[in-house]
Amino acid sequence: MILAAGFIEDLFRGILQGTPSGAVYALIALGFVLTYKTSGVFNLAFGAQAYISAALYFKARTSWGWPIAPALILSVFVLAPLVGLILERLIFRHLRTSSAVSKLVVTIGLSVALPELFNWAARFTAVAGRQITGIVPDGAGVFYDPFGLYRYNRDELAMMAVVLVGTVLLGVLFRFTMLGLAMRAVVESPRMSELSGIASDRVSAFAWALSSTFAGMAGVLIAPRFNSLSSPDFFTLVVIAVAAAAIGRLVSLPRALLGGLGLGWFIAVFNTFLPRMADDYSWLRPFQENLTPSLPFIVLFAILVLWRAIGSERETADPLSGVDPPPPALAASERHYKLTLFTRGLGVMFFTTVGLVVYLQADVLWISLVTKAAIMATIYLSITVITGTAGQISLCQGSFGAIGAFAVFQLADRYDMSVLTAMVIGAAIAAVAGAVLSLPVLRLGGVWLAIATLAFAFFFDAVMVKFSWVGGGDTALLTGTRVPRPMLGSIDFASDKSFLALAVIVLVTVSVVVIQLREGTIGRTLVALRGSEVAASSIGISPVKARIVAFTVSAAIAGLGGAMLAMHQQNVNYIINFGPVSSLFWLVVVVSLSARTVEGAVMAGSAFALFEPLLLRGELFAWILRGEDHLPGLFPIAGNWRIILFGFMAIQFARHPEGMVEHSKRRSAVRINRRLAARNGARP
Amino acid sequence: MSRRRYTPLAICACLVLLAGACGNSGDGEGEAGETTVPPTTIEDTPVEKTETNTPSTTRADTSTGTVTTTTETAPDNPEIDPYPHRDDFVALEDVPGVSDDEIAVAVIGTQQGNPLGTCILDCYVTGIRAYFDYVNDAGGIYGRRLVIEEVLDDNLFGNKDHALKVIADGNSLAVFQATLVASGWGDLDDADIPTFVWNIHGTEAVNRDAIFGNFVVGCTTCTNRWLPWLVSQADAGRVAALGYGISENSKVCSRSLADSIDLYSAELGIEVAYFNDNLAYGLPNGIGPEVTQMIEADVDFIASCMDLNAMLTLAQELQRQGVRDQVTMYHPNSYDTGFVESAGDLFDGDYVSLLFAAFEYEVDTPLRHAYNQWVPADGGPVAEQTIAGWINADLFVTGLLEAGPAFDRQSVIDGINTNQTSYSAAGLITPIDWSRQHTAVVEGVADHDYELECVSAVRIQDGGFVGFQPEPWMCWPSGTQGWSEPVPTDFAG
């Protein structure tokens with residue numbers, strides 16, 4: 001009896017302890033639901049919006065010495081809706097009929113670009129080791145103990161109150177007001193709404209201002225929970241809170257609230273009881289060790305994979321979207337073959353010339369940068385397969401790359417294996433991992449597949465990397481994760497120039513494989529599925545095999561590229577090369593330029609490696625002006641502008657899913673065809 | 001229609017890019033949060049090679065690595081000056097970064113994109129610049145003044161590129177690094193460029209003879225005696241050891257702390273009452289259940305391997321659950337005056353350990369006095385990051401002096417590795433034997449470890465730090481595990 005009473009007391013205390021963090025998740029989940037219901041956007045930039053308001057509030061309170069009220073008004077009720085209005089006017093107004101995946105990619109771009117832009121504009125840097133002030137006086141220092149078991153401070157009580165009030169008010173807005181109805185109607189179909197007399201532009205603008213204000217309020221309320229203020233913390237929270245939003249299937253406010261609170265309670269109760277049980281039952285110890293840091297991501301992945309309701313519903317789409325034309329074929333397939341031959345010849349000449357100049361003239365820095373560009377292009381070809389060809393969004397390509405890199409490190413370090421053999425084995429292991437991952441997520445599509453793969457990336461980061469047979473364990477602690485350069489017979493790739501040659505050979509080989517895949521049966525099957533899964537299934541095409549193959553090939557390419565990257569840097573450098581956020585950035589770069597073509601991947605790799613040194617540091621202009629001394633004073637431009645500009649490039653994806661490169665190719669092809677037609681006497 | 005849509009975006013993008021570019025060309029008068037550090041050429045006060053600078057008035061002490069300035073025109077006793085050639089000018093050709101007037105170095109570090117929010121590159125550069133000013137003021141080295149040729153912000157991820165740029169440019173004799181991601185150290189070592197680093201990346205420094213840290217990383221998995229000693233100083237007995245599950249370093253560190261308590265439990269009457277090396281990084285879910293379990297285990301001392309943000313969260317949770325004044329904490333990374341001051345009395349009674357002699361202890365050497373004089377004069381804080389730059393710069397100058405007037409990169413490296421077998425920066429750090437301490441330290445093999453196991457710890461009191469040791473260092477002999485009381489030590493003595 002006493003034992004049972006103690007258990008109940010511990011359970012109740014665990015629930016009380018989990019309530020503040022549960023409220024955090026609920027707050028973000030409510031924000032997700034609000035944004036999705038009012039704009040149709042699964043807003044991964046929610047954390048970025050929250051961060052901006054939290055950072056401005058902090059700056060106003062601490063740097064400018066403002067009182068709570070004006071700081072709150074400025075950061076939450078002025079800045080946040082302003083950001084929402086700007087985003088709506090410049091970006092999302094034009095994307096209303098785009099697919100949910102397209103919008104997701106745009107929000108990924110914004111999630112990396114907005115914090116950097118704000119940090120630059122407000123001259124704000126990350127804050128560490130500081131108690132972030134909340135919206136009530138002495139919020140962290142005054143405690144209340146309503147149940148006699150666990151004390152809450154004022155900041156936490158304020159946050160919990162806002163969560164409850166917010167749920168009620170938003171529920172009333174959607175259920176009982178004409179405005180709420182209009183917002184939902186505009187999301188369903190802006191064109192039909194306008195036919196009904198709804199000013200969809202105004203409604204959409206209000207919806208974005210409202211959801212952005214909510215994000216701002218969430219940021220200010222959440223910030224005191226941490227003793228640091230940096231955008232990655234907010235992004236991680238958002239990923240965790242997706243689990244709560246998923247419970248609400250992105251549309252139910254009460255379920256999102258319960259999902260958030262439930263997640264907080266589950267984690268706290270888990271942390272209360274599992275360590276004790278592990279003391280009594282040693283076989284539980286490995287579970288405790290591995291589950292504790294990754295629990296939120298496992299919960300998220302499990303919800304997505306095991307809950308059949310998720311992913312089974314039809315993606316919200318405009319009923320009139322059928323009148324929109326289907327995505328056009330690749331430009332190369334439409335233009336005159338002589339023009340294609342000419343441009344390809346020109347491309348070969350250009351790259352050959354540049355390659356020779358680099359090979360013969362460049363110093364170690366530029367050889368390294370061009371090598372990195374070739375390797376990144378190889379990795380990006382994995383996105384060409386999974387996103388460009390199969391139409392799926394994978395946010396764990398970095399994890400597959402890491403598998404290849406760690407495999408080379410382990411096999412070369414432990415077994416003294418040939419590095420090139422280890423590279424092939426690493427690609428094979430990555431392929432197996434991709435195939436295994438594809439099985440549980442097969443039925444998911446669109447946004448949910450993207451989120452599931454993101455959860456996998458965070459799981460890999462939290463659990464897999466710390467295993468000694470992956471991350472290196474004691475060996476890595478002593479000497480890091482160093483990787484040697486390969487040898488092939490008498491050819492030693494230790495020199496930078498010979499390794500550049502190897503990187504180019506690998507890139508060309510993988511490019512041929514990708515083109516063959518795209519042109520073959522699998523590729524055409526994937527394209528058919530991408531166009532219309534229902535139509536493809538009706539003629540007997542099975543999506544299962546094709547998608548498994550796509551995931552497998554894509555993972556293998558990423559693993560191969562990851563191994564090459566580790567060899568190039570002579571170190572795995574997991575955090576900077578393959579962390580969960582890197583996959584997001586990669587995706588944004590590739591899809592913005594062109595996810596469907598090899599040229600797009602090459603351009604993306606070049607942009608990733610060369611944009612900063614060539615343009616931001618001004619090397620290109622210095623070369624044109626014959627010397628760094630002649631450069632204008634604005635150079636070098638800060639490196640974070642690469643993130644800002646690439647992030648905003650994602651906006652182009654939703655407008656031109658074929659990418660900027662393909663889009664410009666098509667436009668030039670149309671122009672040339674028109675001129676040719678005019679020359680031949682045809683009417684334009 | 002689409003063209004119209006593009007127009008506002010294109011205009012905004014252009015304006016934003018232009019503004020960003022112009023922002024970087026500012027005059028540096030921004031507020032503290034300003035993040036841009038363009039490569040700069042530091043124009044130090046010219047040092048003329050004339051009698052007015054009386055170079056003979058400065059001498060260096062090899063045993064302490066100090067540079068001492070006197071008013072005499074010649075050394076009192078030339079026999080005790082190990083570097084009588086320090087003013088000898090030898091014309092050098094084809095030595096990167098060296099002209100008849102200057103010896104130039106490059107500094108690479110993290111400023112933008114620093115997720116920790118701490119002053120890294122700026123403070124580090126200040127430490128180096130202050131030391132160079134100090135040396136230049138005394139006449140420079142070999143008739144040349146020391147200058148920082150360029151400061152490169154690696155923006156967190158660009159360390160390798162900047163290292164390769166320095167290698168390709170060939171404008172610097174040596175490189176200094178204070179970075180959060182040390183991806184370029186291997187390239188600098190391969191290029192045989194003497195590289196002096198803020199050594200928070202021990203794994204990237206080991207087995208690389210051209211990489212010199214402000215300290216070296218000893219055996220990470222081994223037990224220590226300083227933690228049990230700190231526990232006994234706090235009159236505590238039941239210890240909790242905490243670490244992050246996601247970080248192998250943090251896990252190993254917390255295991256090492258727990259093993260250390262276990263090893264000396266009989267002698268000191270202490271024991272591990274709670275152990276958790278699976279905490280989520282950053283404690284996003286708080287640490288309520290864990291603190292409850294520590295209370296149930298009667299923990300009265302918490303030793304952690306976590307960052308200062310987590311220590312604040314932990315202290316707040318202890319306060320919430322009403323036991324903050326009953327539990328002493330050991331902080332590994334909280335030697336930050338602003339951090340402790342802003343926390344009020346939250347950390348009172350806690351301990352912080354350092355890898356250099358804490359500022360709260362008197363180290364009576366010219367090098368420390370010069371630091372206290374020159375760093376504030378250059379606008380820098382008396383803090384961990386500036387002294388890291390100061391110590392690195394001192395070792396660089398020591399290497400130059402060891403190399404002789406006809407120096408080059410390799411002779412600087414060799415000079416340190418051959419002759420500096422007990423380098424302590426005049427008592428600011430535990431002595432390092434650079435002839436053998438480039439190698440990774442493996443448990444049970446003391447060949448490459450410190451000769452002494454030392455700690456310089458301070459106590460937090462009234463929102464500030466206070467010294468409680470009789471000397472800057474408390475030391476135990478390495479190579480043995482038996483318990484003994486520490487020996488108060490002053491390496492400057």
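Axes are lines fitted to C-alpha atoms, for helices over the stretch in contact, and angles run from 0 to 180 degrees between N-to-C directions. Helices are DSSP runs (H or I, at least four residues), numbered from the N terminus. The model is predicted, and local features need pLDDT of at least 70, side-chain atom pairs count only at pLDDT 80 or more, while totals for chains, interfaces and linings use all residues. Residues are numbered from 1 along each chain as its sequence is written, and chains are lettered from A in the order in which they are written.

**Exercise 1.** Classify the crossing of α2(A) and α8(A).

*Solution.* The axes of α2 (residues 46–63) and α8 (residues 200–222) of chain A come within 7 Å and cross at roughly 60°. That angle makes α2(A) oblique to α8(A), because angles under 35 degrees count as roughly parallel, over 145 as roughly antiparallel, 65 to 115 as roughly perpendicular and the rest as oblique.

**Exercise 2.** Divide the residues of the contact of α2(A) with α8(A) by class.

*Solution.* Residues are in contact if their C-beta atoms, placed from the backbone, lie within 7 Å. The contact includes Phe46(A) and Tyr57(A) of α2(A), and Ser212(A) and Ile222(A) of α8(A). The division gives 9 nonpolar, 5 polar and no charged residues, where Ala, Val, Leu, Ile, Met, Phe, Trp, Tyr, Cys and Pro count as nonpolar, Asp, Glu, Lys and Arg as charged, and the others, Gly among them, as polar.

**Exercise 3.** Describe the side of chain B that touches chain A.

*Solution.* The contact takes 69 residues from chain B and 66 residues from chain A. On the side of chain B, the largest share, 10 residues, comes from α1(B). By class, this side has 25 nonpolar, 33 polar and 11 charged residues.

Notes:
Two residues are in contact if their C-beta atoms, placed from the backbone, lie within 7 Å. Helices (H or I, at least four residues) and strands (E, at least two) are DSSP runs, numbered from the N terminus.
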